[in-house]
Amino acid sequence: MKLNTICVQGGYTPGNGEPRQIPIIQSTTFKYATGEDMGKLFDLEASGYFYTRLQNPTNDHVAAKIAELEGGTAGMLTSSGQAANFFALFNICNSGDHIVSSSSIYGGTFNLIDVTMRKMGIEATFVAPDCTEEELAAAFRPNTKAVFGETIANPALTVLDIEKFAKAAHAHGVPLIVDNTFATPVNCRPIQWGADIVTHSTTKYMDGHGACVGGAIVDSGNFDWMAHAEKFPGLCTPDESYHGITYAEKFGKAGAFITKCTAQLMRDFGCIQSPQHAFILNLGLESLHVRMARHCENGQAVAEFLQNHPKVGWVTYPGLPGDKYHELAKKYLPSGSCGVVSFGVKGGRKAAETFMSHLKLAAIETHVADARTCCLHPASTTHRQMNDEQLVAAGVSPDLVRLSCGLEDKEDLIADLSQALDQV
Ligand SMILES: *Cc1c(COP(=O)(O)O)cnc(C)c1O
């Protein structure tokens, strides 16, 4: 099926007389005839549901749709994008291991890797997304277990050279994990370019209505864990907490990663998405392909307007010819990038604040990528834990305004920006 069709109908095919819409299975638990039947589930001998902290049918239908959209073999939903990135990394990294990450990533993920995962004994080296192949290779250590990057970085809007990062990861026997939140599978499918694991904050375009926080993890099924068994003991040696099964043997390349992530990390951390949220997320997915085109159309029109405005110092948008990432965008994002535009108002931090306070349609919010246009000053909010050096490495200058173009009429958006710029 084409992507547009998967958005609408993927992940769930009702049988005769069954609900047309994905049912919300509002139940914490599931009934079995015998203890033996249920025991098989606990031993991962049979697949099925027993407790919604680990798995729920509503979530699994929606996860299957997202996996299909990304061209993966298995998927799972998490309670947030943060949980998705944490699980994707922690599923293969233990204390004493090391991660190579692009420095141009979402502030929350930077904090997760640079502060919280360090406390857990997992080291990280950050590399500039534009580094040479030699610089990238030099970041690896014998204990490196994963490479991480974002297709389109939030908020710097750098476009990841996925093939370059995948090649380096594979040369060192580790998978590439790509956070595809901003592009969505409508505009880029990282697995086609060599990514092994794809993550999402479904809170953004996938939900698309600012209605529920959520995340997703998709496995390409391409990474051969057993070929690098010494690096990934969690997947390639027996799990004593499940009677000695070895995930990579029992579930193969297609299923090992997501099965382990569900069986261990969901069991122990419980960052499950509620079935209600999964249902709402699916409503968003049903129109994702239609909405992304409009977000991109508005983003492009607004970026072009800002670029020609005398009070605007600079504009970053991968769709602008001349943008630093325009060539990479043409390769990886041929049908559009996203609705988010970053720019600087001449006059720096103060001018940016004055401009923002006069906006009428665009609301000041810690959010991006939903139907309503909003804007944010990252240096004083989402990225405030970073020092100036780290801000520059993350591609976030102190005057940066992040504008997320919604689904309104582009002429109204431009009129709003124009009147607010007049006040500066
Ligand atoms: C928002 C975001 C996250 C975090 O997701 P939450 O759903 O807010 O936990 C991770 N990565 C990117 C690229 C994001 O934009």
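**Ligand site and local backbone features of the predicted model**

Cysteine 296 lies in helix α13 (residues 288–307). Helices here are DSSP runs of H or I with at least four residues, strands are DSSP runs of E with at least two, and both are numbered from the N terminus. The model is predicted, so local features need pLDDT of at least 70 and side-chain atom pairs count only at pLDDT 80 or more, while totals for chains, interfaces and linings use all residues. Residues are numbered from 1 along each chain as its sequence is written, and side-chain values use heavy atoms, with hydrogens and water left out.

Cysteine 296 is buried, at a relative accessible area of 9%. Buried means under 20% relative accessible area, exposed means over 50%, and partly exposed falls in between (1.4 Å probe, protein chains only). Cysteine 296 and serine 337 are 41 residues apart in sequence, yet their C-alpha atoms are 6.4 Å apart in space.

The ligand is surrounded by 16 residues. A residue is near a molecule if one of its heavy atoms lies within 4 Å of it. The closest are Asn154, Asp179, Ser201, Thr203 and Lys204. By class, the shell divides into 3 nonpolar, 10 polar and 3 charged residues. Ala, Val, Leu, Ile, Met, Phe, Trp, Tyr, Cys and Pro count as nonpolar, Asp, Glu, Lys and Arg as charged, and the others, Gly among them, as polar. Helix α4 (residues 81–90) gives the most to this shell, with 3 residues.

A backbone N or O atom of glycine 81 lies 2.9 Å from a ligand oxygen. For glutamine 82, a backbone N or O atom is likewise 2.9 Å from an oxygen atom of the ligand. In threonine 203, an N or O atom of the side chain is 2.6 Å from a ligand oxygen. Taken alone, the ligand exposes 380 Å², and the protein buries 92% of that. These areas come from the Shrake-Rupley method with a 1.4 Å probe.

The bond from asparagine 154 to proline 155 has omega near 5°. Proline 155 is found in the loop between β4 (144–150) and α7 (162–171). Alanine 46 is 108 residues from asparagine 154 in sequence and 40 Å away, C-alpha to C-alpha. Alanine 46 is in the loop between α2 (35–42) and α3 (57–70), and is partly exposed at 33% relative accessible area.

Most residues other than glycine have a negative phi, and most peptide bonds are trans. Threonine 184 has a positive phi of about 60°. This residue lies in helix α8 (residues 184–187) and is buried, with a relative accessible area of 1%. Alanine 369 has a positive phi of about 65°. Its location is the loop between β10 (363–364) and β11 (374–376). Alanine 369 is buried, at 0% relative accessibility.

Aspartate 370 is found in the loop between β10 and β11. Aspartate 370 is buried, with a relative accessible area of 3%. Its side chain makes a polar contact of 3.4 Å with the side chain of histidine 367. A polar contact is a pair of N or O atoms within 3.5 Å; within protein, one must be able to donate a hydrogen and the other to accept it, and residues adjacent in sequence count only if both atoms are side-chain atoms. A polar atom of the aspartate 370 side chain also lies 2.8 Å from the backbone nitrogen of arginine 372.
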